[in-house]
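Here is a short briefing for a reader who is new to this structure. Look at the sequence and the model first, then go through the points by topic.

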Amino acid sequence: MDESSGRTRKWTRVEYDCLVEAEILGPEDRVELLGGEMIVKEPQYSPHATGIRLVQRVLTVAFGPGWDVRAQLPVGLDDESEPEPDVSVVPGDPRDYRDAHPARPVLIVEVAL
């Protein structure tokens, strides 16, 4: 790689979370960590948002009590990935994840329209 080429840096979830906690990254930044890279999320249009809400509604009924159906919230998959899928289903209650993002979703849904 020559000196004029861009260089990239891998980020860990710990580093990424520190940037969020220090308010260096905020909701307006619209990024998520995938494979150590900060990826810009696409804007949401009405059909996409409606699809997410409908999936969330159906899965909440289908899974029932004991499951948390989450829309666009972080999931800690590994040391270099903290995606915010359109919908994820994790065991338990939202309070179970007060101190850390869930790490073992049983289902992840991405809505494509």
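Of the 113 residues of the protein chain, 29% count as buried. This is a predicted model. The chain has two helices and five strands. Read from the N terminus, the order of elements is α-β-β-α-β-β-β.

**Overall dimensions and surface**

- Along the principal axes, the C-alpha atoms of the protein chain fill a box of roughly 55 × 30 × 25 Å.
- The accessible surface of the protein chain is about 7800 Å². Carbon and sulfur atoms account for 55% of that surface.
- Take the contacts between residues at least 6 apart in sequence: 49% of them join residues at least 24 apart.

**Salt bridges**

- How many salt bridges does the count give? The count comes to seven.
- Arg 9 is partly exposed, because its relative accessibility is 44%. Glu 15 also counts as partly exposed, at 28%.
- Lys 10 lies in the segment before H1, while Glu 37 belongs to strand S2 (residues 37-40), so the pair ties together parts that are 27 residues apart in sequence.
- Lys 10 has a relative accessible area of 48%, so Lys 10 is partly exposed. Glu 37 is partly exposed at 39%.
- Are Glu 84 and Lys 41 buried or exposed? Both Glu 84 and Lys 41 are buried.

**Asp 86, a charge without a salt bridge**

- Where is Asp 86? Asp 86 is in the loop between strand S3 (67-71) and strand S4 (87-91).
- Asp 86 is buried, yet Asp 86 has no salt bridge. The nearest side chain of opposite charge belongs to Arg 30, 7.8 Å away. A salt bridge needs a nitrogen and a carboxyl oxygen within 4 Å.
- Which residues does Asp 86 touch, leaving out those up to four places away in sequence? The contacts are His 48, Ile 52, Arg 70, Ala 71, Gln 72, Val 109, Glu 110 and Val 111.

**Aromatic rings**

- One aromatic pair turns up in a search of the whole structure. Phe 63 and Trp 67 make this pair, and the arrangement is edge-to-face. The ring centres are 5.4 Å apart, with 65 degrees between the planes.
- That angle counts as edge-to-face because the cut-off is over 60 degrees.
- Phe 63 is partly exposed, with 28% relative accessibility. Trp 67 is partly exposed too, at 33%.
- Two arginines lie over ring faces. Arg 9 is over the face of Trp 11, at 4.1 Å from the ring centre. Arg 70 is over the face of Tyr 97, at 5.9 Å from the ring centre.

**Gly 64**

- Gly 64 lies in the loop between helix H2 (46-63) and S3.
- Is Gly 64 buried or exposed? Gly 64 is buried, because its relative accessible area is 18% and the cut-off for buried is under 20%.
- Gly 64 and Thr 50 are 14 residues apart in sequence. In space, their C-alpha atoms are 21 Å apart.

**Thr 12**

- Thr 12 lies in the segment before helix H1 (13-21).
- Thr 12 is partly exposed, at 30% relative accessibility.
- Which residues does Thr 12 contact, leaving aside neighbours within four places in sequence? Thr 12 is in contact with Leu 33 and Asp 79.
- Thr 12 and Leu 107 are 95 residues apart along the chain. Their C-alpha atoms are separated by 23 Å.

How values were computed
Residues numbered from 1 in each chain as written. Predicted model: local features only at pLDDT ≥ 70, side-chain atom pairs only at ≥ 80, totals over all residues. Heavy atoms only, no water. Helix = DSSP H or I, 4+ residues; strand = E, 2+ residues; numbered from the N terminus. Buried < 20%, exposed > 50% of the residue type's maximum accessible area, 1.4 Å probe, protein only. Lys, Arg positive; Asp, Glu negative; His and termini not counted. Contact = heavy atoms within 4.5 Å. Phe/Tyr/Trp six-rings, centres within 6.5 Å; stacked < 30°, edge-to-face > 60°. Lys NZ or Arg CZ within 6 Å of the ring centre and 35° of its normal. Areas by Shrake-Rupley, 256 points an atom, 1.4 Å probe, with all protein chains shown as cover.
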